[in-house]
Amino acid sequence: MTQRRVVVIDDHDMFRAGVRSEIGASVEIVGEGADVESAVKAIVGTEPDVVLLDVHLPGGGGTEVMKQVHQRHPEIKFLALSVSDAAEDVIGVIRAGARGYVTKNISGTELVDAIGRVADGDAVFSPRLAGFVLDAFSGAIDIASVDEDLDRLSQREREVLRLIARGYAYKEVARELFISVKTVETHVSSVLRKLQLSNRHELTRWATDRRLV
């Protein structure tokens, strides 16, 4: 059986290296990118079967990558692979044209399977995320209403917020996002200040109310 040709897009070098190590024997990784510009260049230059795409990228995010690529190559399939499992991220990339969305705790074997299914035209979602998609298209989640408070946060601050709200320790957040503990502390302080919250307990309640965890 011919190996699927895959491009890996993520702004963390260590994560891309990890994906290459984990699935490189089962698929042919033909290119990589770390931001919107390098992603579009790699994808257009190689025309892969499937693109593994992080949602949050410098230069406009994963949705901008899909927009630019699909203008020239509408047939190329995207599978979102992200640390975020927030409803608005999932729905945003699906509306932009992704064929599936899985979170970064997926195993290598499961990821190879998901790549194959997307390449064959199927839609693939981590189990919890499928519910978001169904809720959104049934009207249960109003994705169109943008939370002004959430808009004040940077993409990285949102990622830190979601992990802290789920009960992750600072060291666990740092490991998950490939950043230092000190950087995590800085982001948490910034989030609390911008949202006018006092502590992690209030932050968790705020995030839960908005279905971000």
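Predicted model: local features only at pLDDT ≥ 70, side-chain atom pairs only at ≥ 80, totals over all residues.
**How the helices pack**

- Now for a crossing of another kind: helix α8 (residues 155–165) packs against helix α11 (residues 200–209) at about 105°, and their axes are 9 Å apart. That angle makes α8 roughly perpendicular to α11.
- On the α8 side of this contact you'll find Leu161, Ile164 and Ala165, and on the α11 side Arg200, Leu203, Thr204, Trp206 and Ala207. Six of these residues are nonpolar, one is polar and one is charged.
- Helix α9 (residues 170–177) and α10 also cross at roughly 105°, with axes that come within 8 Å. So α9 is roughly perpendicular to α10.
- Here the contact pairs Tyr170, Lys171, Val173 and Ala174 of α9 with Val181, Val184, Glu185 and Val188 of α10. The residues divide into six nonpolar and two charged, with no polar ones.

**Salt bridges**

- Searching the whole structure turns up nine salt bridges.
- One of them joins the side chains of Arg16 and Glu32, at 2.9 Å from N to O. Arg16 sits in helix α1 (residues 13–23) and Glu32 in strand β2 (residues 28–33), so this pair, 16 residues apart, links distant parts of the chain.
- Because Arg20 is in helix α1 and Glu32 in strand β2, the pair ties together parts that are twelve residues apart in sequence. Arg20 counts as partly exposed, with 37% relative accessibility.
- Over in another part of the sequence, Glu157 and Lys194 form a salt bridge through their side chains, again listed from N to O, at 2.9 Å. Glu157 belongs to helix α8 and Lys194 to helix α10 (residues 181–195), so the bridge ties together parts that are 37 residues apart in sequence.
- Glu157 is buried, with a relative accessible area of 6%, while Lys194 is partly exposed at 28%.
- Shared partners also build a network: salt bridges join Asp13, Arg16, Arg20 and Glu32 into one.

**Nonpolar cores**

- As background, nonpolar side chains in soluble globular proteins tend to be buried together.
- The largest nonpolar core has 23 residues, and the members that touch the most others are Ile9, Ile43, Val51, Leu53, Val65 and Phe78.
- Which elements supply at least two residues each to this core? They are β1 (5–9), α2 (36–46), β3 (50–53), α3 (61–72), β4 (77–82) and α4 (87–96). Helix α2 gives the most, with five residues.
- Setting aside neighbours within four places in sequence, Phe78 is in contact with Ile43, Val51, Leu53, Val65, Met66, Val69, His70, Ala98, Arg99, Gly100 and Val118.
- There's also a second, separate core of 22 residues, with Val83, Leu177, Val188 and Ala207 among them.

**A histidine in a loop**

- Where does His73 lie? You'll find His73 in the loop between α3 and β4.
- His73 is buried, with a relative accessible area of 13%, a value under the 20% cut-off for that label.
- Not counting residues up to four places away in sequence, His73 touches Val44 and Glu47.

Notes: Residues numbered from 1 in each chain as written. Heavy atoms only, no water. Axes fitted to C-alpha atoms, helices over the stretch in contact; angles between N-to-C directions. Helix = DSSP H or I, 4+ residues; strand = E, 2+ residues; numbered from the N terminus. Parallel < 35°, antiparallel > 145°, perpendicular 65-115°, else oblique. Contact = heavy atoms within 4.5 Å. Nonpolar A, V, L, I, M, F, W, Y, C, P; charged D, E, K, R; others polar. Salt bridge = Lys/Arg side-chain N within 4 Å of Asp/Glu carboxyl O. Buried < 20%, exposed > 50% of the residue type's maximum accessible area, 1.4 Å probe, protein only. Core = buried A, V, L, I, M, F, W, Y, C linked by side-chain atoms within 4.5 Å.
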